[in-house]
Each structure stands twice: as C-alpha cells, then as structure tokens.
Amino acid sequence: MSTRADISRGSGPGFSIGTVSLLTGLVALGVLIIAGNAADPMMGAHAWIFFFLTVAGLMITGFWAGSLNGRNPFDPAFYEDTIVKFGVAAAMFWGIAGFLVGLIIALQLTWPGIFYFPDLGWTNFGRIRPLHTSAVIFAFGGNVLIATSFYVVQRTCRTRLAGGMWPWFVFWGYNLFIVVAGTGYLLGVTQSREYAEPEWYADLWLTIVWVAYLLVFLGTLWKRKEPHIYVANWFYLSFIVTIAMLHIVNNLAIPVSLTGSKSYSLFAGVQDALTQWWYGHNAVGFFLTTGFLAIMYYFIPKRVNRPVYSYRLSIVHFWSLIFIYIWAGPHHLHYTALPQWAQTLGMVFSVMLWMPSWGGMINGVMTLSGAWDKLRTDPVVRMMIVALAFYGMSTFEGPLMSVRAVNALSHYTEWGIAHVHSGSMGWVGFISFGALYCLTPWLWKRKALYSKALVEWHFWLATLGILFYIVAMYVAGITEGLMWRAYNEFGFLEYAFIETVKAKHIMYIIRAAGGGLFLLGALLMAYNLVRTALGHGEAGETAANDAPKTATPVLQPAE
C-alpha cells in the first residue's frame, strides 16, 4: 500500500498555482487597460471591480504560497474539504440575499406607493427583479451545486479533487461573476434575456470559469480509485456540459466596442426568441433539475443509510431525461411567430417528460423503503422528501401548462409565477437546504446539528411560506387569465387591465407574507449552521467522522 509520502511525491503544487496566477494576472492586466479606456461608466465600474478583485486574489495567493514552507497544500492523501466549506458559506449568504430581494420585490408589487423610490433608480423593479432571479438561481443554487459536486465526486471516486489550485479558481471565479452580474443589474447593464442578463464580458469570464469547472470534474473522474462512476456524477456531468453549451450559444453576441458594456445578439427576430427559450427552458432542465437530482441521488441514500431504491431506474431516468428535456423549450413560445410545428414539437416532448421525471421522483422517495420512520424522527430527511413532492408536482404541472389549450389561459399570468416558485422554492430550495444541513456536521466533524428544533421550525416556516406563495399566485393567475378573456355582450373586453391588477391585490399580500416566512426560515437555518460549525449545543465537540465508510486508509478527510 502506498504511503502518504509516496502519494505526495511528484512535481508538487507549484504548477497549478502558477497557471492560475498567470491567468489571473493576465486578466488583471487586461481589465486595467480597459478601465483606463472604458467607453461608458458601467464598463469602467466593472473593469475596476475585476481589477481590484483579481489583484486581491493574486496577493492572497502569493502570501499563502509563501507560507507553505515546502508543504504540499494539495496532498492527495486528503480530501479537499475546505473549498466545500467555503461553498456552504457562500450558498447560505447568497441565498439569504436573494430571498430578501425577492421579498422587497413582492412588497413593491403589493404597495408600490410605499416601496417605490423614484430618486434611487437602482431600487426599481426592472433592475432588482433580475437581481433576485440570478441571486437565487445562480448565486445560491450555483454555489450549492459547485460545493456538493466537489464533495460528492471526491467521496464516490475515492480521490482528491483534480487540478490543485484550479478548483479554487472555479469557486472564486464563479463568485466574481456573480458580483459582476449583480452589480450590472443595479447599474442597468443587461442583455434583457431571461436568465442570461449579464453582458458579453461577464459571459466571457463565466465561460473561462465553466471550462475550468468541467476539466476539474472530468480530471477527478479520470483519476478515480472506484471503478464504477456513481449515478450522481452522471447527473452532475450532464449539468456541467449542457450548461456550457447553452451558455455559449445563447450568448453569442457582437460587442459595440471592446471597451464598452453594450453588445448585440448574433440572432434576431423569432430565431433569437427560439434560441433564448431553448436556453431558458434547458437552464431550468439542466441547472435546476439534473444538478439537484444529483444531490438527491447522493444525499438521500447517505442520510437514511439505505441504497438507492433502483439503480437500474436511475440510469433509465438519466438517459431519458437528458434526451427529452433538450427539445422542450419551444413550449414557451405558443401563439407567437414561431412555426406551429416547432410549438407542437416542444409540447409533445414536454408531455413525454412526465415519465422520466416521475420515475426519478419515485426512485428518490422509495429509497426510504425500510427507513420510513426517518420521516418522523429526522426533519432533514422530511425536508428532502417534501422537495421530491414539489419536484413531482412541478414536473406534472409543467407538461400540463405546455399543452396549447391550457397555455392559452396560463401564459403571461401569475400562474407561471406560481409554477416557477413551486419548483424553485419547493424542489430546489428544500433539496438544497437538506444538502447543507447534511454537509455542515460532516465537514466540521460535529456529532449533530446545533439544534434539531430549529430545523423543525425552518421546515414548517418554509413549507407554510411556499404554500402561501403558490396558492395565492395560482388563484391570482387563474383569476387574471379568466378576466383577460371575458367579453361583454357588445364583443368588447369586460375588464380593463387595471381591474385585473386590483383583483390580485389580496393575493399579492399573501404572497409577500409567504416570502417573509421563507426568508425567516432561511435566517434560522444560517444561525443553526453557524452554531453547528462552532460546535455549540447538540453539535458537541466530538468528531463525526464518516471516513471508514467512504475513504481508503491513505485517503482521509483533512483534519
């Protein structure tokens, strides 16, 4: 058996540190030149943000590398868990920020006379609405996916993350993109493309980071000590590869100037719309679905100490899902200039998605076979199973809404908002919360979470918050749709637009209350995780080490 010294022998950590530093230095030099010649104030602001953060990264890396004293910081005998800890912290921070902005938006829509600030343009709905969606989807959800994928691929491959310094470049580079994108929305920098608002230079940076992410993940799979590739890694890999393809194609654009923030899409008209919703729906399909299904396939079996109910079903689930999902995007463009055959194609493939989606949901729920008591005794397991229930509901409702006759009533109404939030708050939110609740005691080697009671409070607050939100929006959406299609005896529209707005006011109040409950639950969770990491309360001081079951003797979680 190899000793730690044998494993550590080789070229050392300097190459990965050097290549990351070289790339970061080149970026710092390039953005400094752009900052001095910026064509508009927004580009100047972002160039300086890039410059200061990349220089800070170089300085921190330099001081850290100088303090190593010959020690290998990427010792292959230990898992790279520190980066996962940073990912947990970043996910919780961005999650609370995104939920808070969502609550502010809900209050603005409910009482615009109180929460509208005409002298503060950056607080307007048009600027902070994309800030909310990006913070929740890409900042919170993205950090959860990066952190969990780095954790899971190491354990299931029984090897340290590949690339040395490059996983850290992925983590910090991705969060730099989040900062640039968020500040861009507040400054008014946007492509006006749903889920793809950042301008060309932010997209270019994200492409570099995402390619590094793909190479780190593939490199870890390549050097695995476990011959079998666990199914969760297939779902993570499909998420990484497909998002790269979607991002690059949808964001093909020609900048007006290399020193300016404005660009024009390479596509136009109905082709642009089709490309956008090919991207938009598959961002939901592969960022918000396959990535989080990977979390389900690792964390639920691990938490209940049971094997996946049907490994064969998980493979069928994977291949059928990725082959069908990619064709469903045109259902967002019913009753538009898109040719009807393309609309019908999107509808048909959307209906076909019922089967693999529910197959995956059943597989996750039935993994509790022989451990059903966990639903009563473990609120973290209950949270993840409720996430699957919302996944099942959303993946039933989505194909239903893609049918043209149903879409005629639901499209452009609050029904769509209810659907999106049942999936994002219920499925993505709850499965993410469950993963973070699992990871924190595992990473910080605590006996348990600080307070099980706080998890119970979080579960019920968040569940009530979701129900208040989506039920109110379902009622608002159907009311809105019916009022829009009502005609009087003279053939004129029965209701003016403002009348539909007034009819929804009470539902908007209920939605804001639901968002407030959801945010309160997240704050309790953050408090619980911090106290757990510190070893307070039920967390205790004794290490909860899962190494004997998940690692070889020469590959242990770092102390």
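This is a predicted model: local features need pLDDT of at least 70, side-chain atom pairs count only at pLDDT 80 or more; totals for chains, interfaces and linings use all residues.

Reader: How are two packed helices described?

Author: By the angle between their axes and the distance between the axes. Helices here are DSSP runs (H or I, at least four residues; strands are E, at least two), numbered from the N terminus. Axes are lines fitted to C-alpha atoms, for helices over the stretch in contact, with angles from 0 to 180 degrees between N-to-C directions. The axes of H8 (residues 231-250) and H10 (residues 311-325) come within 10 Å and cross at roughly 10 degrees. H8 is therefore roughly parallel to H10 (under 35 degrees; over 145 is roughly antiparallel, 65 to 115 roughly perpendicular, the rest oblique).

Reader: Which residues of H8 and H10 meet?

Author: Contact means heavy atoms within 4.5 Å. From H8 come Val231, Trp234, Phe235 and Ser238, and they meet a set in H10 including Tyr311, Phe318 and Ile322. The residues of this contact are eight nonpolar, three polar and no charged. Nonpolar covers Ala, Val, Leu, Ile, Met, Phe, Trp, Tyr, Cys and Pro; charged covers Asp, Glu, Lys and Arg; the others, Gly among them, are polar.

Reader: What separates a cavity from a pocket?

Author: On a 1 Å grid over the protein atoms alone, a cavity is a set of points where a 1.4 Å probe fits but cannot get out, while a pocket is an open set with protein on both sides within 12 Å along at least five of seven lines; lining residues have an atom within 4 Å of a point. Grid points are joined across faces, edges and corners, and a volume is the space filled by probe spheres set on the points. The whole structure has four cavities of 30 Å³ or more. The largest cavity holds about 240 Å³. Its lining has 23 residues, with Phe138, Phe177, Leu206, His247 and Tyr279 nearest the centre. By class, that lining has 18 nonpolar, four polar and one charged residues.

Reader: How much space lies in the second largest pocket?

Author: About 960 Å³. Among its 37 lining residues, Ile60, Thr61, Met165, Trp168 and Trp172 are closest to the centre. H3 gives the largest share of the lining, eight residues.

Reader: Is Ser192 buried or exposed?

Author: Exposed, with a relative accessible area of 63%. Buried means under 20%, exposed over 50% and partly exposed in between (1.4 Å probe, protein chains only). Arg158, at 25%, counts as partly exposed.

Reader: What does Asn363 touch?

Author: Asn363, in H12, is buried at 0% relative accessibility. Leaving aside neighbours within four places in sequence, Asn363 contacts Tyr297, Val308, Tyr309, Ser310, Leu313 and Ser314. His46, in H3, is buried at 2%. Not counting residues up to four places away in sequence, His46 touches Val180, Thr183, Gly184, Leu187 and Tyr201.

How values were computed. Residues are numbered from 1 along each chain as its sequence is written. Side-chain values use heavy atoms; hydrogens and water are left out.
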